[in-house]
Amino acid sequence: MSFKLMFSPFKLEWLQLRYPRENLESLTKEILAERLSKFYQEVKQEGGKDYSRSAHVAIRAGLNRYLTSDKIGKAFSIIADPVFKTANKSLNAKLKKIKESGASKVKHHSSIQPEDIQKCYDSGVFGDDSPLARLRVNWFNVNLYSCRRGRENQRKLTRNSFVFKKDASGVEFIEILMDDEDEKTKNHPGGLGDKADETDPKMFATGETNWPVYLLKKLIQVLNPGEEALFQRPKRKFSLNDEIWFDRAPLGVNSLGNMMKEISFAAKLSQTYHCIRATSVTLLDRAGISVHRIMQVSGHRNEASVKVYCERQTLQQQKQCSEILAAPVASSTALITKSPQQVENRNSASCQNNMFTNTNSPKFVDFGNARFENCNFAFTYNTTKKSDD
């Protein structure tokens, strides 16, 4: 039995069972459970390498969605139905093998460090003086502020996807209209268990010339009027005085999907980044924005999905933890490298600086790894007794 599926998040194009002449859709539960038991053990990537733990779980979820879809209409679940207990045990055993091999660690997309974002501007990769620089900075801003995923969503954006408005104070802002049916189906499939889609991303003007509202208006001004797509192919030859900076051709799905990777190389960032969505959620979380409000930007259906991003440490936080743990070692090393006279002087100064100055609130003085030689200690204490009144 062989069949093709396309499902998120791994976009697996094929899954092949070892029974080539059987039709997946027509199998009974019992036979399908038997086939899946063997399939879970045998499925591998095209190069013969095992998929990751999360990929195996996604494969099962994708199969279940496919079988229970309106097109196929199966009334059972290969995840929860007792008939598939043996098949799920087979999958569980496979996942344990993956764990033992050390290949089960989840690799999350890194959020982009603020220093790397600044480097994009400093290097000219983001800017306003060429079609490519203007394209890249607007592509980044749109994805950062709308917290988008997927290549198809970006390809479907047009200049009409953005509505320019002003708030009560006269500040201009952009309302981003993300009308993508594929994403709506994934995040908000409808039904009794679904939550309302509150996604409502906006970009506000700041008065600066390098902020998103200004830059998007500048991009729209030089787009090719014969093409509706927002992200168009930059002209190879152009002048700053040209009215049109882009060809009458949209950027392809693959070009848009690899955009962050190309930006990383062009700006020589500290690492190759792939995902802006993780950056959006991380920045909002670190600023103290509530999970519910983040969901209104990202379009997530439940808080658990957002917390996957929020609970991960940023590189700056990991650096802070490392510095805290290194502090005692650094202090000890400094003492070793000092001369005996320097150590004595340091200890004497430490004694003086850490004397109890408040007799009513004594404090514990931690002298660390200091040594005491020929030191004089002075203690002040109150001998006055309280009256019996």
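A crossing of two helices is called left-handed if the near helix is turned anticlockwise from the far one by less than a right angle, and right-handed if clockwise. The structure is a predicted model, in which local features need pLDDT of at least 70 and side-chain atom pairs count only at pLDDT 80 or more, while totals for chains, interfaces and linings use all residues. Residues are numbered from 1 along each chain as its sequence is written, and side-chain values use heavy atoms, with hydrogens and water left out.

Helices (DSSP runs of H or I, at least four residues) and strands (runs of E, at least two) are numbered from the N terminus. Helix 5 passes helix 8 in a left-handed crossing. Their axes (lines fitted to C-alpha atoms, for helices over the stretch in contact) come within 10 Å and cross at roughly 130°, where angles run from 0 to 180 degrees between N-to-C directions. Helix 5 is therefore oblique to helix 8, since angles under 35 degrees count as roughly parallel, over 145 as roughly antiparallel, 65 to 115 as roughly perpendicular and the rest as oblique. In this contact (heavy atoms within 4.5 Å), helix 5 contributes Arg134, Val137, Asn138, Asn141 and Tyr145, and helix 8 contributes Pro212, Leu215, Leu216, Lys218 and Leu219. These residues comprise six nonpolar, two polar and two charged; Ala, Val, Leu, Ile, Met, Phe, Trp, Tyr, Cys and Pro count as nonpolar, Asp, Glu, Lys and Arg as charged, and the others, Gly among them, as polar.

The axes of helix 1 (residues 29-42) and helix 2 (residues 53-68) come within 12 Å and cross at roughly 155°, so helix 1 is roughly antiparallel to helix 2. The crossing is right-handed. Leu32, Leu36, Phe39 and Tyr40 of helix 1 meet His56, Ile59, Arg60, Leu63 and Leu67 of helix 2, a set of seven nonpolar, one polar and one charged. With helix 3 (residues 85-100), the axis of helix 1 comes within 8 Å at a crossing angle of roughly 5°, and helix 1 is therefore roughly parallel to helix 3.
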